[in-house]
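Please keep the viewer open as you read.

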Amino acid sequence: MNAYDVLVAAVKSELSKALSAAGFIGYSLGNEVTMPERGQCDLASSVAFKAARAAKKTPIEIAAQICSKMGKVRYVREVKAENGFINFYLDRSAFSAAVISEVLAKKSGITTSTSGNGEKVIIEYPSVNPNKPWHIGHLRNALIGDTVSNLYAACGYSVEREDYIDDMGLQVVENVWGVMNLRGMPAKKYDHWLGEMYVEVNRRMEDKEVKEQIGNLLTLIEQGDTYEAKFAREMAEQCVSAQRQTAYAYGIYHDVLIWESDIMRSRLLETALGKLAKTGVLHRESEGDYNGCTILDLKKAGKLPSSMQGLKGSVKVLVRSNGTAVYAAKDIAFHMWKFGMVDNPFRYRLSERQPNNVELYMTSADGEKREYGRVNVAVNIIDMKQAYEQNVVKLALSLAGKSDAPESMVHLAYNVVELEGGAFSGRKGTWVGYTADDLLSEGKARAERLVTERLKMSGSEKEGVICAVALAAIKFEMLHISPERKIVFSWGKALTFEGLSGPYCLYMHARAARILENADAAAGPTDCSQLATDEEFRLVKLIAKCGEIVEKARSEHRSNVLTDYAGLLAAAFSKFYERYSVIEAESEELKSARIALVQAFKYALGGSLSLLGIRPLDRM
RNA sequence: GGGCCUGUAGCGCAACUUGGAUAGCGCGUCUGGCUUCGGACCAGUAGGUUGCGGGUUCAAAUCCCGCCAGGCUCACCA
């Protein structure tokens, strides 16, 4: 427990006693004690309003009554009843000293919370089809996935970062036809080259003969052991390899890639459907609209969640009449694997060692056995359009015996990134000029102009700063918007360098770094009782809340909780910075106390930015 | 038709899951501030019937009901 947790727990406990002493029994204080963002006090409780109702007295009377029964609480200087609220005023020097010394000792503002208890969680992102480059919508997915993974790891979970590669869909097959029949050698980055070819193939599909050839190709590829299937896998691997260059440029990494062709090859699908069949909800139709199909009979599934009601005929086809499986069926099988409901049938081989020095493995026809999956929690970063499919999977898992599937399988549904003209189309190629690679080059170009006019730096250091600033701008912008909200893309919005933005946070971090550099004082024994001003204490309170914020962002799967916090923290520092001097403080004691505060701030902001995938800078 | 998401200042967003004090923040507007630890900054100003209408409550942007507008979804596509 950190100082903040200790404080809140102590306040609740004392408040609880005071309530009993005043004759109020049975009031839960779950969310009744908060540290308000604004307002005069440091902690507040509104429990008197609830008690007043039962007692048929005014909240003002009750608050005063409770207040009079309050005993002494550590870090609390004064308790006052105001407007029916019970307000707590902290002993600034004691609380500041506790918070700052704690952060400096840990050398981290981030909680070492163990709420996860080493529980295993698998996080899936961004699962882009291996036939085109990432566009900015895919990037949103990847950035959310990276941050959510970081958050789980920070909260003590054991995290597996996984990417699903659908190398058997029609999209890939169309490209196989293109590579076999159209131009020869790739003239640019392979994923871009394939993506543009895909647009071309789609134009040619209006030709009946081409369409037929592609249909035949699909059949050959689905057979699994054909020349065409191997060709498709090789092409897809080359594309994934190019896409990973984009991922690395953005600092996105994974532990394992799961290939759909391996799900098929390993007969995981048959195992999974067999398991589902035992429940009696799986049905092979011999007449009607679904003659020859294997269906999931939702009428037999008991009461359906509201999100699953109103679909055609209460039936979900899992296996088509031609014997091939639909996407949802593969996903059901895959999730049975994730949760360890079936034996691990995969073999893996090393794909590469990533720039962050973590080995990346992928499923493969041959290779070694490795332990992935068998997790307690699975988080899927998937477009909200797929909510229905995700619910089908959840339902199937529940029916197959995973009764906690609705909780342990999390669909982190995010909304699309669109252009002003509308959604991206892979087929029409509206993504051209709006790939993740394009965004980063444009960001770097703009950052370079800014950096060049501000400070003199040498080649490689300058390059590093330009890249970091561009990434900070892009990531902060994408992550500060609630996932369920649509983003309409514009260059200006995506690449903001001013106001509450990624670069603003970096800038405050760099300012703090420069103070510490100039202060040259090794932080000796520090008397934080010197820190009493509003600006200083506001910073202390924000630093204190860091752990709570990280836990909240994780449990709600909302990256914007973290960006908001980082922004508030940076702004609070800026105000402190404007108003007070550290190096030229009025006394040596004050100076060393402020140095400690700046150092604690730097840890808290740097830690928050790192969780957002933004590398903090000491100079920029 | 069923389901999901969105609607908050000129623009972009936060707060809604867990009701609480004067609905915050950024951009833009207007007015100021560098002899200063880095101005990618700060201080101040103007701008709101939180889509509409009911209800619950001491208290509603938040919860409930009914509308309106926009988007998505309900495939033998993935």
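Which helix supplies the largest share of the surface near RNA strand B? That is H18, with eight residues. Please bear in mind throughout that this is a predicted model.

## Around the RNA

In total, 67 residues surround RNA strand B. The closest are Asp 166, Arg 320, Arg 454, Glu 556 and Tyr 580. Seven elements each supply at least two residues of this surface, namely helix H2 (47-55), strand E4 (85-90), helix H13 (387-399), helix H15 (436-454), helix H18 (502-519), helix H20 (546-556) and helix H21 (559-579).

What is the make-up of this surface by class? There are 28 nonpolar, 16 polar and 23 charged residues near RNA strand B. On the RNA side, 64% of the atoms within 4 Å of the protein belong to sugar or phosphate, and the rest belong to bases.

| Residue | Atom of the residue | Atom of RNA strand B | Distance |
|---|---|---|---|
| Glu 484 | polar backbone atom | sugar or linking oxygen | 3.1 Å |
| Lys 552 | N or O atom in the side chain | base oxygen | 3.2 Å |
| Ile 583 | backbone N or O atom | base oxygen | 3.0 Å |

For Glu 484, the partner is a sugar or linking oxygen.

## The chain as a whole

Stepping back, chain A has 22 helices and 16 strands. Its C-alpha trace spans about 85 × 65 × 45 Å along the principal axes. Of the 620 residues in chain A, 54% count as buried. Among the contacts in chain A with a separation of 6 or more, 73% are accounted for by residues 24 or more positions apart.

Gly 280 is found in the loop between helix H11 (268-277) and strand E8 (282-284), and it counts as partly exposed at 37% relative accessibility. The other pair is Glu 287 and Val 561, which are 274 residues apart along the chain and have C-alpha atoms separated by 52 Å. Glu 287 lies in the loop between E8 and strand E9 (294-297), and at 61% relative accessibility Glu 287 counts as exposed.

## A pair of packed helices

Two packed helices are described by the angle between their axes and the distance between the axes. How do helix H6 and helix H9 pack, and at what angle? Helix H6 (residues 170-181) and helix H9 (residues 227-249) meet at about 100 degrees, with their axes 10 Å apart. The two helices are therefore roughly perpendicular to each other. From H6, the contact is made by Val 172, Asn 175, Val 176, Val 179 and Met 180, and from H9 by Tyr 227, Glu 228, Phe 231, Ala 232 and Met 235. These residues divide into eight nonpolar, one polar and one charged.

## Loops and backbone

Is Lys 545 buried or exposed? Lys 545 is found in the loop between helix H19 (534-544) and H20, and it counts as buried because its relative accessibility of 10% is under the 20% limit. Leaving aside residues up to four places away in sequence, Lys 545 touches Tyr 4, Met 35 and Glu 37.

Most residues other than glycine have a negative phi, and most peptide bonds are trans. Here are some departures from that pattern.

The peptide bond from Tyr 125 to Pro 126 is cis, with omega near -20 degrees. Pro 126 is found in the loop between strand E5 (120-124) and helix H5 (136-154).

Asn 357 is not a glycine, yet it has a positive phi of about 80 degrees. Its place is the loop between strand E11 (347-353) and strand E12 (359-364), where Asn 357 is exposed, with a relative accessible area of 52%.

Arg 374 also has a positive phi, near 55 degrees. Arg 374 sits in the loop between E12 and strand E13 (377-383) and is partly exposed, with a relative accessible area of 44%.

Terms used: Residues are numbered from 1 along each chain as its sequence is written. Chains are lettered from A and ligands numbered from 1 in the order in which they are written. This is a predicted model: local features need pLDDT of at least 70, side-chain atom pairs count only at pLDDT 80 or more; totals for chains, interfaces and linings use all residues. Side-chain values use heavy atoms; hydrogens and water are left out. A residue is near a molecule or strand if one of its heavy atoms lies within 4 Å of it. A polar contact is a pair of N or O atoms within 3.5 Å; within protein, one must be able to donate a hydrogen and the other to accept it, and residues adjacent in sequence count only if both atoms are side-chain atoms. Helices (H or I, at least four residues) and strands (E, at least two) are DSSP runs, numbered from the N terminus. Ala, Val, Leu, Ile, Met, Phe, Trp, Tyr, Cys and Pro count as nonpolar, Asp, Glu, Lys and Arg as charged, and the others, Gly among them, as polar. Axes are lines fitted to C-alpha atoms, for helices over the stretch in contact, and angles run from 0 to 180 degrees between N-to-C directions. Angles under 35 degrees count as roughly parallel, over 145 as roughly antiparallel, 65 to 115 as roughly perpendicular and the rest as oblique. Contact means heavy atoms within 4.5 Å. Buried means under 20% relative accessible area, exposed over 50%, partly exposed in between (1.4 Å probe, protein chains only).
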